[in-house]
Amino acid sequence: INDHLSLKSISALKTDQSLSVQGSYTDLVAGPTQAGVANPPGLIGIAASGGGAGSLLASVLIREYQLSQEFNLLDAVGPVSGVVGYYYFYDHERMDLKSLAVGGNAKTPSPTAGTYTYSVNYQPTLSNAVFISQTYKITPTLSINAGVRYTWERKTLDTLNLTTLYEPGAAPIYPAPGFVYSNLAPNSNPFVADLNQDAHATTPKIGVDWQATPDVLLYAWASEGYHSGGYSFSARSTIGAGYGPETLWAYEAGAKTDWFDRTLRVDVAAFRYIWAGLQFNALVSQTPSISTTSNAGRASLNGLEATVIWKPKAVPGLTLTGNTTLLSTRYDYFPKYAPPGGTPSIGLSPQCVTPNGLRCTVYNATGNKLINAPDVSLVTTAQQDIDLGSVGTAYVRGEWSYTSRTYFDPTNAPLLGQPPYSLFNASVGFQPARLAQWDFALWGKNLSNEKRNQGIAAGSIVATTPGDPLTFGVRIKYAY
């Protein structure tokens with residue numbers, strides 16, 4: 001616009017569709033008996049989505065599109081600089097779900113004891129926000145920054161969920177939403193709802209930077225973050241269908257420093273996070289995979305992080321790096337967690353509010369460690385760059401990382417976590433001098449073939465997600 005103002009516009013449109021299907025068509029149509037057992041008649045010819053012979057395959061179809069528009073007015077007038085902005089976001093998501101659970105067992109199926117679930121959900125989100133952030137230079141080396149953002153959102157859930165029993169000779173028929181449902185078993189009560197929730201949030205930030213010397217920057221800031229609430233696709237009643245927003249106060253202070261003619265860089269930071277209305281995602285169905293979100297309560301985290309980068313003058317081309325993160329985490333208030341049914345022995349824990357033998361249906365996780373937050377994380381690397389003159393350049397790189405015990409569930413049950421482990425990675429690369437745009441490398445990850453888990457999916461059983469084993473690869477890069 002002029003020497004002091006500029007306007008920036010950012011527009012984005014995204015569409016997305018995914019289909020997940022479980023099972024086999026041969027399980028769902030009349031055909032030859034297998035092992036002398038005929039297919040249950042209640043599994044044949046069930047219609048879906050408007051009538052006609054439909055598939056009984058457990059499936060999840062998700063279709064989504066998003067539109068966003070942002071305007072930024074950037075200003076720089078004397079010692080003041082910053083941005084004033086507006087943000088618009090619209091998201092429309094639809095999920096169609098079909099799942100079945102046959103009664104009895106594989107040898108003696110019982111259609112009358114089985115269930116069939118049909119679900120259609122529309123979930124639009126509309127969000128608007130205005131924000132301002134300005135930095136004022138008090139002196140050439142001391143500046144303060146302050147900002148605030150106001151967000152207004154509307155979440156909607158237009159849902160139809162139905163779970164019914166099989167009836168021999170009377171398969172349920174599910175037309176499009178708004179039509180009549182027929183051939184339903186007794187006591188089949190569809191959950192039909194059109195729910196809305198509005199949310200407003202004003203989130204501030206304030207900070208200070210001091211360039212104490214040309215090689216030392218000291219800083220401190222505090223800010224509030226906001227994560228909107230919403231609705232769960234898996235809702236079967238208005239009670240518990242929605243969950244509230246999550247807010248986070250974050251505080252950080254630290255230093256960024258260079259030493260010895262900038263051959264050594266040391267950055268340190270101390271931080272504290274305080275959550276209110278902490279959102280937690282829990283698995284409620286495994287076939288198909290369905291999870292629901294609720295508000296766990298309050299949680300806090302204290303942390304210390306240090307990063308070191310050293311290029312010793314005595315060894316040209318050598319770069320050594322190290323990063324250490326220390327965490328102390330806690331659920332400050334999480335009195336009613338529903339543990340996965342496959343978690344053994346926690347019914348004996350004094351934190352189990354509602355024991356069921358060795359199982360537990362309601363667990364008080366207050367005081368336990370946060371999930372996916374190990375106390376200690378270490379990463380070190382060493383890379384030697386080699387100048388090959390007119391031939392090009394090469395490098396050899398090694399990496400070692402360590403992660404202390406990690407919990408994947410608020411119960412902190414050992415079975416639902418990962419013991420401490422280390423990983424070793426290495427790579428060698430070459431960049432030819434005459435083809436500087438090309439880069440070739442050989443790499444290997446998890447060289448010790450460490451067996452570890454990266455997560456769990458616990459329902460009536462505990463299923464783990466394993467980390468990658470010993471893996472080798474080739475990488476070719478071209479820069480243009």
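Me: Start with one residue. Is T411 buried or exposed?

Reply: Burial is judged by relative accessible area: buried is under 20%, exposed over 50%, partly exposed in between (1.4 Å probe, protein chains only). T411 has a relative accessible area of 6%, so T411 is buried. Two notes on the source. This is a predicted model, with residues numbered from 1 along each chain as its sequence is written, and local features need pLDDT of at least 70. Side-chain atom pairs count only at pLDDT 80 or more, while totals for chains, interfaces and linings use all residues; side-chain values use heavy atoms, with hydrogens and water left out.

Me: Where is T411 placed?

Reply: Strands (E, at least two residues) and helices (H or I, at least four) are DSSP runs, numbered from the N terminus. T411 falls in the loop between β18 (406–407) and β19 (417–418).

Me: What is T411 in contact with, leaving aside its neighbours within four places in sequence?

Reply: A contact means heavy atoms within 4.5 Å. With those neighbours left out, T411 meets Y337, P339, T343, I346, Y363, N368 and L416. There is a polar contact as well. That term covers N or O pairs within 3.5 Å, one able to donate a hydrogen and the other to accept it within protein; residues adjacent in sequence count only if both atoms are side-chain atoms. Here the side chains of T411 and D409 make one at 2.7 Å.

Me: Zoom out. How many helices and strands does the chain have?

Reply: Zero helices and 24 strands. Of the 480 residues, 37% count as buried. Take the contacts with a separation of 6 or more: residues 24 or more positions apart account for 64% of them. The chain exposes about 26,200 Å², and carbon and sulfur atoms supply 60% of that. Those areas come from the Shrake-Rupley method with a 1.4 Å probe; for residues, only the protein chains shown count as cover.

Me: Which residues have the most contacts inside the largest nonpolar core?

Reply: A nonpolar core is a set of buried Ala, Val, Leu, Ile, Met, Phe, Trp, Tyr and Cys residues joined through side-chain atoms within 4.5 Å. The largest one has 20 residues, and W275, L278, F280, A299, Y331, F334 and L370 have the most contacts inside it. Four strands each supply at least two residues of this core: β11 (264–286), β12 (289–310), β13 (318–333) and β15 (359–363). The largest share, four residues, comes from β11.

Me: What does L370 touch?

Reply: Not counting residues up to four places away in sequence, L370 touches W275, A299, S300, T329, R330, Y331 and Y407. A second core is separate and has seven residues, L157, A193, Y231 and A241 among them.

Me: How is a pair of aromatic rings described?

Reply: By the distance of the centres and the angle of the planes. Rings of Phe, Tyr and Trp (its six-membered ring) pair if their centres lie within 6.5 Å; planes under 30 degrees apart are stacked, over 60 edge-to-face, the rest tilted. The count here comes to twelve aromatic pairs. F280 and F334 are edge-to-face, because their centres are 5.8 Å apart and their planes stand at 65°. The pair links distant parts of the chain, 54 residues apart: F280 is in strand β11, F334 in the loop between β13 and β14 (352–356). F280 is buried at 8%, and F334 is buried at 4%. F280, Y331, F334 and Y337 form one aromatic cluster.

Me: How are W438 and Y478 paired?

Reply: They are tilted, at 4.8 Å centre to centre with 50° between the planes. W438 is in β21 (438–445) and Y478 in β24 (471–478), so the pair ties together parts 40 residues apart in sequence. W438 is partly exposed at 32%, and Y478 is partly exposed at 42%.

Me: Which charged end sits over the ring of W221?

Reply: A charge sits over a ring if NZ of Lys or CZ of Arg is within 6 Å of the ring centre and within 35 degrees of the ring normal. K205 does this at W221, 5.3 Å from the centre of the ring. K445 lies over the face of W443, 5.1 Å from the ring centre.
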